[in-house]
Structure formats: C-alpha cells, structure tokens
Amino acid sequence: MNHKTKTPSFHVGPIPVYGHVILAPMAGFSDLPYRSICRELGSAMSYSEFVSTEAIIRDNQKSLRMLRYATEERPVVFQIFGANPEVILEAAKRISELQPDIIDINMGCSVKKVSGKGAGAALLKDPSKIGHIFNLLSRELPFPVTGKIRLGWDHDSLNYRDVVRAMQENGAQLVAVHGRTKKQAYQGQANWDAIAEIKSMAQIPVIGNGDVTSVADIKRMRDHTGCDAVMIARAAIGNPWIFAGKNAEDVTLAEKLTMIRRHLAANLEFYEGDYGLILFRKHVAKYISGIHGARELRAKLVTARSAADFANIVTAAEQQTTEENLISH
Ligand SMILES: Cc1cc2nc3c(=O)[nH]c(=O)nc-3n(C[C@H](O)[C@H](O)[C@H](O)COP(=O)(O)O)c2cc1C
C-alpha cells in the first residue's frame with residue numbers, strides 16, 4: 001500500500017498506523033503466516049503471540065521463533081509477558097536486536113499458568129509495579145512501549161483508571177483494552193462503556209477490544225467508545241476477510257478453499273513440515289464452519305495425515321464447488 005498520500009489514522013509514539021482494525025495477539029494463532037494474511041487484508045499492524053520473558057532470556061528457540069516477522073507486516077509489535085521488572089527489561093533489550101517497531105506488555109492473560117505466577121492480568125493488582133515496568137522500559141528502549149490490559153482483577157477491583165494513569169505517566173504510548181476482568185475470563189459481555197471512559201481520560205491512543213464479531217460491530221465499537229482502533233481476536237479466526245470489511249457469510253466457498261491452500265502452504269514453510277499441518281487444523285475448522293456440507297469436509301480435513309492428503313481433499317472440494325456452480329447457473 002502506498003502510504004505517502006495517506007494520513008495516518010493515529011500514531012504510537014513516532015510510529016504512524018494506517019487503519020482502524022487490528023488483529024489481536026492470540027497464542028497459538030497469530031503467527032507469521034496468519035498475521036501476514038490478516039495484514040494484507042487490512043489489519044493495520046501486527047501483534048505477535050505473547051512470548052515469555054523468562055523463555056527469551058533462556059534463549060528458548062521455540063519462543064524466539066514466535067518473534068519472526070515479515071517486513072510487510074510493519075508496524076510489528078512484540079508482545080511479552082512476565083512478572084519480574086528486571087527480567088522483562090532484560091528480555092525486551094535482547095529482542096530489541098530483532099528490530100520490532102513496538103514492544104507490548106501483556107497485562108490481560110487470565111490463564112493460571114501466567115496470572116498465577118504474577119504475570120499477565122496479575123500485574124493489574126499492582127498499578128505501581130506497572131508504573132515501574134513502563135518507566136524502566138520506556139527509558140531504556142529505543143522504541144515505543146505499549147500495554148494490553150483488562151478492566152481489573154475482578155468486579156470489586158475495577159482499577160483500570162489507575163492502571164492507565166500509571167502507564168501513561170511512565171511513558172506508555174498506547175493502551176489496548178479488553179473490556180472484561182481477569183475473573184470473567186471470556187464470560188459475560190465486554191464492557192464497552194469502560195473502554196469509552198478510558199478513551200475520554202487517556203492522553204495516549206486507545207484500542208478497544210472484546211466481542212467484536214462482525215463488520216458492523218467494528219463501527220459500533222468505534223461509535224460507542226471513540227477508540228482509535230478496534231482489535232479483533234476470536235471473530236478473525238477463520239475469517240481474516242473481516243479486516244477487508246467482509247463477514248464470513250459473504251466469502252464464497254471457492255475463496256475460502258483458495259485461502260486454505262495458501263495458509264497451509266505458508267504454515268508448512270514456516271514450521272518446516274508436519275507441525276505446520278497440525279497447527280493448521282484449528283484454523284481450517286473455523287474457515288469452513290457454517291458452510292454447506294461443512295461437517296463432512298471438516299472431518300476429512302482435520303484428520304488428514306499429510307499435507308498431500310490435505311491438498312487432495314481441498315482439490316476434491318473445489319471440483320465439487322465448481323460442478324455445483326455449473327449446475328446452479
Ligand atoms: C486463543 C486465544 C489466544 C489469546 N492469546 C492472547 C495473547 O497471546 N495475548 C493477549 O494479549 N491476548 C490474548 N488473547 C486475548 C485476545 O487478544 C482478546 O483480548 C480477547 O479474545 C477478546 O477479544 P475477542 O472478543 O475479539 O475475542 C487470546 C485469546 C484467544 C481466544
């Protein structure tokens with residue numbers, strides 16, 4: 001895309017962002033192949049899956065692979081999680097060498113393995129620690145530091161105002177807000193009123209997140225909250241076209257099958273073999289959910305034992321689609 005003639009939608013520190021809809025970080029999903037597809041279709045920036053700061057300083061290769069990116073994805077955000085400010089700083093410095101555009105601190109993860117160890121959403125319990133982390137990182141790193149939060153630990157501790165204040169007073173350049181508490185996990189409805197409140201008080205850009213399930217919801221959330229951009233997680237799995245303004249039901253089966261082929265090929269290349277196929281099963285189940293005859297096709301695809309088997313099944317489905325089209329016209 002030629003940005004020279006376009007006005008940025010907003011800035012993260014000095015980094016211009018063009019567009020208002022962004023693929024959310026999702027462990028197990030938002031890897032280089034999938035992010036690249038979403039970015040090409042219109043996602044305005046690329047967040048990595050969250051990566052453990054402890055793993056980074058141990059030089060864990062599997063974790064470092066999550067930080068590989070394509071130049072076309074820029075602006076690229078590396079999202080990291082940890083509990084210890086010094087370890088977070090050390091990890092952030094190490095991955096600086098990989099030249100991301102932005103580093104983001106995860107303060108929203110609700111799973112026990114993370115929040116039980118003081119990282120992710122557990123940081124929300126201690127806004128002064130959050131302030132300390134942002135202070136350290138924003139002084140020491142050569143690029144903007146941002147954070148992704150929830151509204152608080154539980155309904156009785158909705159301390160998002162304190163958290164956002166601590167962040168921006170200590171150099172944070174953007175906040176992404178999932179409008180739920182840690183205790184809610186994914187239950188109930190995301191609270192868009194709270195996101196609107198954060199937008200009205202914050203001096204830094206605000207990304208709204210939670211329960212955007214369709215193209216219409218993108219506008220609804222922006223109208224309701226005034227947020228600078230909307231972040232989409234679950235509704236983007238199987239429908240990267242949401243970033244191009246299309247709901248899943250508006251995408252033809254032929255388009256989906258073409259994307260399935262392309263996405264799988266990118267996965268096989270990135271993960272060098274069968275692991276790419278295994279990881280792709282979760283995507284394919286979503287690509288084809290809701291389509292006519294999906295159950296049978298899904299059963300075949302998710303049990304395919306090799307990439308070649310997989311390709312044969314897709315080819316047969318493509319032929320069937322073409323024949324059905326010919327008959328119906
Ligand atoms: C499978 C999955 C993995 C996720 N991994 C991350 C992650 O690594 N980092 C993060 O900040 N949030 C993560 N999230 C939370 C999402 O980014 C997002 O905040 C949440 O799903 C709400 O948005 P949605 O209603 O559009 O799904 C994950 C969510 C899902 C469903």
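The protein chain holds 13 helices and eleven strands. Both are DSSP runs numbered from the N terminus: helices are H or I with at least four residues, and strands are E with at least two. The model is predicted; local features need pLDDT of at least 70, side-chain atom pairs count only at pLDDT 80 or more, and totals for chains, interfaces and linings use all residues. Residues are numbered from 1 along each chain as its sequence is written.

The C-alpha trace of the protein chain spans about 65 × 45 × 45 Å along its principal axes. Its radius of gyration is 20 Å, which agrees with the value near 20 Å for a compact globule of 329 residues. This radius is taken over C-alpha atoms, and the globule rule is 2.2 Å times the number of residues to the power 0.38.

The protein chain is divided into domain 1 (10-244) and domain 2 (252-328). These bounds come from an automatic or database domain assignment. The centres of the two domains, taken over C-alpha atoms, are separated by 31 Å. Seven residues of domain 1 are in contact with eight residues of domain 2. Contact requires C-beta atoms, placed from the backbone, to lie within 7 Å. The side of domain 1 that touches domain 2 has five nonpolar, one polar and one charged residues. Here Ala, Val, Leu, Ile, Met, Phe, Trp, Tyr, Cys and Pro count as nonpolar, Asp, Glu, Lys and Arg as charged, and the others, Gly among them, as polar.

Helix H7 (residues 160-169) packs against helix H8 (residues 192-201). The angle is about 35 degrees, and the axes are 11 Å apart. Axes are lines fitted to C-alpha atoms, for helices over the stretch in contact, and angles run from 0 to 180 degrees between N-to-C directions. Tyr160, Arg161 and Val164 in H7 meet Ala194, Ile198 and Met201 in H8. This contact has five nonpolar, no polar and one charged residues.

Two loops hold backbone features. Arginine 74 and proline 75 are joined by a cis peptide bond, with omega about 0 degrees. Proline 75 lies in the loop between helix H3 (61-65) and strand S6 (76-81). Glutamine 99 has a positive phi, near 60 degrees, in a residue other than glycine. Its place is in the loop between helix H4 (85-96) and strand S7 (102-107).

Notes
Contact = placed C-beta atoms within 7 Å.
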